[in-house]
Structures are given as structure tokens and as C-alpha cells.
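Dear colleague,

Here is the structure I promised to pass on to you, and below it I have set out what was found. Please read the notes with the structure open beside them.

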6 protein chains.
Amino acid sequence: MKRPESGLVYATRRFTFSAAHRYWRPGWSPEENRKVFGSLTQVHGHNYTLEVTIRGLVDERTGMLMDLGELKRVVGEAVTQRFDHSHLNEDPLFSGDAIPTTENLARGIWDLLAPKLGADRLWRVRLWEDPTFYVDYYGP
Amino acid sequence: MKRPESGLVYATRRFTFSAAHRYWRPGWSPEENRKVFGSLTQVHGHNYTLEVTIRGLVDERTGMLMDLGELKRVVGEAVTQRFDHSHLNEDPLFSGDAIPTTENLARGIWDLLAPKLGADRLWRVRLWEDPTFYVDYYGP
Amino acid sequence: MKRPESGLVYATRRFTFSAAHRYWRPGWSPEENRKVFGSLTQVHGHNYTLEVTIRGLVDERTGMLMDLGELKRVVGEAVTQRFDHSHLNEDPLFSGDAIPTTENLARGIWDLLAPKLGADRLWRVRLWEDPTFYVDYYGP
Amino acid sequence: MKRPESGLVYATRRFTFSAAHRYWRPGWSPEENRKVFGSLTQVHGHNYTLEVTIRGLVDERTGMLMDLGELKRVVGEAVTQRFDHSHLNEDPLFSGDAIPTTENLARGIWDLLAPKLGADRLWRVRLWEDPTFYVDYYGP
Amino acid sequence: MKRPESGLVYATRRFTFSAAHRYWRPGWSPEENRKVFGSLTQVHGHNYTLEVTIRGLVDERTGMLMDLGELKRVVGEAVTQRFDHSHLNEDPLFSGDAIPTTENLARGIWDLLAPKLGADRLWRVRLWEDPTFYVDYYGP
Amino acid sequence: MKRPESGLVYATRRFTFSAAHRYWRPGWSPEENRKVFGSLTQVHGHNYTLEVTIRGLVDERTGMLMDLGELKRVVGEAVTQRFDHSHLNEDPLFSGDAIPTTENLARGIWDLLAPKLGADRLWRVRLWEDPTFYVDYYGP
């Protein structure tokens, strides 16, 4: 179980990337896809906003939880350079029958970041598909 | 006790509605109302922003927590069609001495949505009265 | 004719106020009001955002177009204190058959500010009813 | 020449749609496309925000420039239903060598709206590709 | 341990202040400061946005968690009047080797508010340095 | 005279930088400075948002007004790298008695960009000091 803990600090940095996607399950017939996913079966796209939250004790020498430049480098290499200006359905993350929904993308981003940032230090991945919809994931 | 749980996904959709209200307790004298509520006793209004958060396991077939169209239908029928272009003090929710504060409205919206979405699936109701003030409610 | 002029500086300050209103023309029957204005006939409300733009030459001693504290005092006294926490239909501006639409309110605010700020210095009144709709007025 | 005119009111309504696109000129070689357009040659997407501004005299009976419901209907039918959940490169507007840039899309939206709203009443089309870039077009 | 509790309401008010700061540890050499903090060693500044969250039971007489005017007075006197238009490095909070990072400022604001609002009623201090970075602190 | 012209496209890109400043005229006594500028005499800071608007005819081969990467390079080299993480009063632009007001900074940015972008192509510099105040400048 993970929860806000006393004494810890939670720091969140926002990132953006633009990507295309469609909801389409290759194992289903076109009719079934259209019935379940409607107009989402058509290729379209979003400006995604990603919020990465890390938590931990403040380094009392620097007053910082983590060097922000380092956080930007890690998220840039693992996530935004991969997904920015991309068609999500063509990413290995969404091969097979995995649909590039906001839910699945948020979980995929967690799996990409946890080994780099530490599953304990990584607190939450929040992914906005547009200004009206976001998904939070706190890990498996 | 309710808290973020590992493996679960939390999905939030924003809705808006415009309504009028005043802070006025019929059982009090006008003097007492003005002393406690000040200029809030005068009829005024807001563009409310409502964030409804549901949580649960992802449906691995669709990659979604819940069909968003269905969520929009439920919240539309139970909440936004009821409160949009309305005077909150005239809503049955605020009969008697219940004041249409943001706190009370957030709790009322929870009570309207929980039976429809499931008290376990509904995680949080966040209600913004304006861009500087919001109330969170996680259920009774 | 008024237009952006070379050498001039245009400075815009945002203000907010919350008010209730309804679209209702007393000289019309209820049926006619409902036919023309629909659900806007019901009392509801908004968080208005007002942008006041003044223009002119920079005072080279202070580097400012106008003292911002003075601008806030003028707009506060003439506009926001008048309309904040108010029911617009009860304001003298909307007596008779004048409907408190965003268009009419923007023109009314111009008329309140022009004598105080100078019709030449006042460049534009922009009034947002909500984040999806705004009206600009450049004077009569 | 078109410019803000005294006495007129300018009303702006915001709309949103999500679409995919890529910058690719069929008449060019892949090398030339990549040299000029870089990573924009890859399919990606955006949440577009469209601001449609109309101008004119206020109808003194209704206090409105134009019925907003009618404006929403016109823009919905001509623009947002066409481009929302679409791949812009597959739209007839971008057949041949026309690239679905923000500039071209803004001009295309003008051409779709002007016959419906009137080229004189339609004042400006503003199109945001994301929160850091927008294009304004005032007609041909 | 602190966590969202059933039946409680969480109310958040946003405040803003503008301040200058630099990251500089007097006990370190200039070289060491520049190596660790880079361009942050130079004096610069931010428009900070502070979100103060209080939680508790709703007062059923007023429908409010706490009088908002009282909350504004407390935060104004303890925090925004102190830090607005200030150079953070010159504040007693950052004497010695404490760096005015967002993390340290969020913890300092908690310590200033907890005695005034009650450590139990004060739930969270969220401090935005700019629209891309914020820190949450739930107390010691 | 400069104004929106038919057939032209106006493209705006937003940039951000963080800087410190104070309002202080060396040629004045401290008393006079405090009387005119009040709390602005104290060192504080802002997250500035700069909007650079260029205008012209669309290049029908590329569908673009100007390569955005080139625009970012020019504004980055001439403006944001200069002012980000800086104390504006120490910039040569504000030597002597020039106060780093938003008005003066907007004009200074125009003068830095016009030779690089062309005074005819550069249409407007808009500078936000914070989300409540911005200045527009259309050139000398």
C-alpha cells in the first residue's frame, strides 16, 4: 500500500507530447471494433500532458528532492522522445491487442519510468489526454 | 478507509455547469444571515467545474476503466442537466436550511452519483466554484 | 476609426467578478421569452473575467503607461464592486427591456469606464462569460 | 481592409476537436520531405482549439449579436463534426500537395464558415494547435 | 499516517505571490555552487501559486468547512504578505545554508500555517513555482 | 499604420522565461522611488510569458508562414537565453534610468527581434508578467 507519508515531499513535473492513435483491436471484426469504440476507431490525435510525481526526503544539503535536470533527462529519454510526434498504435507497447487508451498509456509510462527512477521514489503518473480527461496510476 | 491502491487506475472527467446561488438560512433573521455570510447573501453565480473520479481495474479487452460515453451520460442525467442554468437555492437538495455552499453541493453530487456509478467505483468528487477554490469529497 | 498605432503601448489588466442573471424581456410574454432565450430564461450565473485594455505613450520617467494601482482602483470602484456578488437583472443598467447579455454588459462596462479612464486611453473592453465565450467592444 | 470598428461588437466562441496529421508533400521525395519537415513527417496529433469571432451590431431586442445556439450548430456541422476524430491528411481539403499545417487549416476553416456566417460577419478564425502556437486569419 | 478520510471534506484555496530567489549555499565555494545549481545560482524569480488545503467536518449550520474570509486573512498575514514582492534569500526562513527551493519553501509555509490553522485541519500545502512544477507537503 | 490585412496569416508562438526585477530609478532619492513605485522597489520576480506574432503570406509549397524551428532559434538566442534566470536590472537594456517595467521590456524585446525577423514580418510582441497583466507592442 502506498499513501502520502508525513515528512516526505512530493514533487511533480509536467511534460507534453503530441501523438496520434486509434482504438482498434486486431483480433476483433471491424463491426465489433466500431460497436465498442465508435468514432475512436478513426485515427486522430492529442496533445498529451504527463505529470510525473516523485517523492522522498529532501536532501538537506541542496534543499531538493531530486535534481530537476536529471528528472527531465530521464523522462525525456524514456518517454517524451519516444512518444512525441508518433503514432501510438505503431509503438511496441501497443502491439497485439493492447489498445493505446489513456489508461494503458499511463500504465506503460509507469513501467518505463519505474526502473529508471525507482519504484519507491516514483509516486504517481498522471496523464491528461486533453483538458477534460486524465488518468492516475500509482503502480502495479 | 479509502486510499490509492496499487494496480488500480483512477480516471477523472471534467464537466461544467453554470448556476446561481445565495447563502441564506431561512431559519435565521436577515441580520444573522448578513453577519455570518456577508455579501454571499446576495444572489450571484458561478461557472462550476466538476471533476468526477472513478477507479478500478482496467478491462484488458478494451483497455478502459469505463466507457467514457457512459460516464458522460450518467453524470449528464444525474448532475449537469439538473444544475446547469439553475438557481441552486430552488433545488430540492437545498430545501430547508441547507445552504448551497461548494461543500454541500459536492456532497450532494456524490449522493446523486454513487448509486449510479457504485460507491466503490466512485472515488472522488472535486468541485471548483471558480479557478481559486475547490472542494474534494470521498464519500460518507 | 481606432486601430493599433505605432509607438503606442497597449496594457491589459484582468479582473473577475461573479454574478447571476437571466435572459428575460419584461415586455414579452413568457412564451416568447422561452422561445427566443430557451434555458437562458432561468436564473443562473457566471464567473466573469474582464480584461480592460488602455493604450498610450509610455511615461519615460516611470516606464509605465499608467499606475496599475490607480487602474485597479478605478475599475474596482466603477465595475467590480458594483457587479461582484450581484444579480445583474436588478442593476439599473438592465432596467426596462435591456437584457444582461455579455454583449450588453461589455458595452455597459465601457460606458462606466470611459469617463474615468478617458475614451481615448480606453482601447478595449473584453468580457469573458466563461472560458468558451467572450465579447470585445472598442467603444461607440 | 478590415479592422475593429466603433459601435460594433466582436463575439468569440471557442470549440475543440482532436485530429491526426503529418507534414508530407506527395510530390516530393521522402528525403526532401524529411529535410523540410523533420519529425513532422511522422503521423501525430493534436487537441485543436478553434476560436470563431463574428462581429456586427447588437440586436437591441435580444441584446445579442447572434444566437449562440445557431453559431454552435453552424460551426459544428461545417467544422468540428468534420475534423473531430479525423486524420487531416485524408480530408479533401488536403488532397494534392496541400499540407495540413495550422496555417492551411485556419484558412480552410475560414472558407468553410464564410458562406454560412457571411464573409462580413465572420471577423477572425483563430486556431490553436496546442497551448503554445496559434494562427489568426481574417479572410482572403 | 494521514490520508483522505470518509465523511471529511477537503477544501482548497489558491493564492499567488511574486518573489525572487537564487540557489546559493554560502558555506560552499562559488565553483561548487555553480556545479550543483547551474543557472539557478543567478538571481531570478517566479509567480508562485500556493494551494492551501484544509479538511474536516462541515459545519451543518453554515454548510462550510471554514469561513473563507478567515482563511484568506490567516494565509495573507502569515504567508503572502511576507513573501510577495520579496527576495526569498533575504527571508529569515532561508538564513544560513537553507536554499529557497520549492521544496523548502513549501515546508516553511506549512510550518507558518500549521500553528494558525491547526496541524490536524491543515491537510496539504501545494506550491507551484511555475505552471510546470509543483511540490506537495503533508506535514512533518 | 499597421493593421490586420486580408490574405495575410498571423502566427503566434509562446515562450517563457523567469526573471527578477525591481522598480528603482537611480537618479531619484529612495524616498521618491518608494513614493512612486511602492512595494515594486523591492526585488521580486515573475514567470514571464512572451507571445511573438509574425505575419505574412503562406509559403504555398510548405503551407507555413515561417519554419517554427527557425523562429524558436531566433527568439531563443535573442531573448529567452538572455533573460531567463536573470536579474533584469543588471541587463544592459536597463542601465541608466530605464525601469524594467513590462512596458519597457516589451519594447526592448521588439527592438531585439525586429532586426532578426524583419520589422515588417514582426507584427506584435505580447508580454505577460503574470496571468493578470500583459502588454502589447506593435513597433515604433
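The side chains of F:Arg107 and C:Glu60 form a salt bridge, at 3.1 Å from N to O (a side-chain nitrogen of Lys or Arg within 4 Å of a carboxyl oxygen of Asp or Glu). This is a predicted model, in which local features need pLDDT of at least 70 and side-chain atom pairs count only at pLDDT 80 or more, while totals for chains, interfaces and linings use all residues. Residues are numbered from 1 along each chain as its sequence is written, chains are lettered from A and ligands numbered from 1 in the order in which they are written, and side-chain values use heavy atoms, with hydrogens and water left out.

The contact, meaning heavy atoms within 4.5 Å, takes 24 residues from chain C and 23 residues from chain F.

How are the two copies related? A rotation of 120° with 0.0 Å of shift along its axis superposes chain C on chain F, with an RMSD of 0.0 Å (by least squares on the C-alpha atoms of residues with pLDDT of at least 70 in both), which is the relation of a three-fold axis. Only 4% of the interface residues of chain C are also interface residues in chain F, so the copies meet through different surfaces.

By contrast, chain B and chain D do not touch, their nearest C-alpha atoms being 15 Å apart.
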